[in-house]
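Q: Hi! Could we go through this structure together?
A: Happy to, here it is.

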Amino acid sequence: MTIRTFRVLGFAAILSAAGCNLDRTNPNAPTQEAIFADRQGIVSLAIGLQARFGSGMSSFIFPGGEISDELGTPTGALQSYKDAELGVLSDTYDAVELPWRSHYQTVKTANDLISRAGNVPLGDETLSGILGLAYLLKAASLSDLLQQYQQIIVKPEATPTVFVNRAAALANVIGMLDTALVQANKFGARTEFDGSILAKGFSFKNTIYAMQARNFRLQKNWGAALTAANAVDTSVVSVMTFSAQATNPVFDVSITQVRPRDTLRLAAETGDARVAFHISGATVQGTLRPLRTFTQFAVNTNPVPLYWPGEIMLIKAEAYANTGQLTLAAQMVNYVRTRCGGANNQPKACLPAVVLTTQAEIIAEIYKQRKFELFATGLRWEDVRQQGLVSSASPFAKRCWLLYPNSERNTSSTVPANPTDPPASLSNCGV
């Protein structure tokens with residue numbers, strides 16, 4: 001199913017995050033136009049948008065985790081997952097198809113809300129909340145995609161579809177996040193949206209600011225990244241929650257296909273408490289490397305973070321370091337290193353401070369801390385690219401980008417040639 005043929009999800013499918021085409025649904029079910037014209041239909045679609053995004057979070061985490069040095073495959077995994085661990089891909093593999101399909105399904109639902117929500121009597125508070133949420137999750141989906149594919153489509157509703165490069169994609173994502181923030185700032189509180197539409201544990205404005213900080217960092221706009229990061233309340237953990245009916249997708253894929261590599265433990269400093277937060281259990285031999293078990297995703301109802309507070313702190317440190325504020329940068333890095341105790345709802349290192357004086361020392365330590373702070377969030381592959389450590393023989397990542405999916409190429413004449421990959425020598429992949 002390509003992004004151009006996908007149709008809006010029906011109510012039950014929305015809430016279970018399973019896709020279907022309304023042209024082939026039960027004739028007694030509500031039609032697409034009836035859903036768009038109905039207040040409850042729009043509200044349900046907004047709830048379903050979050051379920052849709054949540055169900056696709058694993059498709060950002062596992063491909064890059066396998067291609068980088070985070071995740072490996074147990075001996076019983078499908079061959080396509082085993083190949084991805086080697087950096088070998090086919091355009092029909094799950095690692096290639098699932099990110100494209102799941103993220104563009106989220107984008108399609110977000111676009112439907114953006115274009116249709118204003119046509120029903122929601123009330124100004126609820127309307128602004130739904131629109132802000134739609135722009136946020138559309139931007140977050142495109143942000144994930146641009147970290148996986150060399151070029152992406154930012155306007156899938158257009159005919160023909162146009163692929164754009166990373167710089168153009170980032171500019172579009174940042175514009176969507178700006179619009180999300182405008183909507184979020186219209187009201188201090190929204191009774192219906194906050195109480196019965198927004199998912200429990202989802203911190204709306206903090207997540208917008210966090211996504212701004214993340215994408216300004218990718219753009220290397222350090223001033224804007226610092227401003228956005230400073231706006232995040234780092235005492236708050238924003239997560240996507242799951243249930244026995246809509247289970248944690250990382251847990252689901254870890255049952256048989258991917259597990260954390262034991263290299264996280266082996267590379268860690270003695271006493272780094274984040275290792276136990278992320279991984280646990282006995283070490284077992286995988287297809288290629290020794291594996292452990294997820295701790296944070298060990299239960300099918302455990303949440304997945306939309307961002308960790310430590311990511312925001314390290315974005316601040318990197319922004320300070322890249323704008324010559326080395327003392328502040330070193331202080332922020334050491335704050336991340338020494339955080340300890342309190343609620344156990346996020347990774348905390350519990351390590352001693354270190355002396356950092358030069359920009360190079362600070363930035364190296366930032367990337368080191370990101371490795372342990374942001375394990376299995378999907379962000380590691382981008383960090384390896386940023387450090388110029390990708391090559392066919394690299395222990396950190398063996399390719400730059402995913403292939404373009406076969407399903408898209410079969411239905412579109414505008415899909416670019418697959419990137420020349422992997423590089424023979426260490427590369428930053430043009431980022």
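Q: What share of the contacts in the protein chain with a separation of 6 or more comes from residues 24 or more positions apart?
A: Those residues account for 72%, where a contact means heavy atoms within 4.5 Å. Bear in mind that this is a predicted model: local features need pLDDT of at least 70, side-chain atom pairs count only at pLDDT 80 or more, and totals for chains, interfaces and linings use all residues. Residues are numbered from 1 along each chain as its sequence is written, and side-chain values use heavy atoms, with hydrogens and water left out.

Q: What does the pLDDT average over the protein chain?
A: The average is 92, and 93% of the residues score at least 70; pLDDT is the predictor's confidence in each residue, from 0 to 100. Residues 1-27 are below 50, and this stretch has 66 contacts in the model beyond near neighbours in sequence. Where pLDDT is low, the predicted coordinates should not be read in detail.

Q: Why does a radius of gyration of 21 Å agree with a compact globule?
A: Because a compact globule of 431 residues would have a value near 22 Å. The radius is taken over C-alpha atoms, and the globule rule is 2.2 Å times the number of residues to the power 0.38.

Q: New topic: how many cavities of 30 Å³ or more are there?
A: There are 2. A cavity is a set of points on a 1 Å grid over the protein atoms alone where a 1.4 Å probe fits but cannot get out, and lining residues have an atom within 4 Å of a point. Grid points are joined across faces, edges and corners, and a volume is the space filled by probe spheres set on the points.

Q: What's the volume of the largest cavity, then?
A: About 220 Å³. It has 22 lining residues, and Met57, Arg214, Pro305, Leu306 and Thr377 are the closest to its centre.

Q: Which element gives the most to that lining?
A: E8, with 4 residues. Strands are DSSP runs (E, at least two residues), numbered from the N terminus.

Q: And how does the lining of the largest cavity split by class?
A: Into 15 nonpolar, 4 polar and 3 charged residues. Ala, Val, Leu, Ile, Met, Phe, Trp, Tyr, Cys and Pro count as nonpolar, Asp, Glu, Lys and Arg as charged, and the others, Gly among them, as polar.

Q: What about the second largest cavity, how is its lining divided?
A: That lining has 4 nonpolar, 2 polar and 5 charged residues, including Glu66, Arg261 and Lys398. The space there is about 40 Å³.

Key. On a 1 Å grid over the protein atoms alone, a cavity is a set of points where a 1.4 Å probe fits but cannot get out, and a pocket is an open set with protein on both sides within 12 Å along at least five of seven lines; lining residues have an atom within 4 Å of a point.
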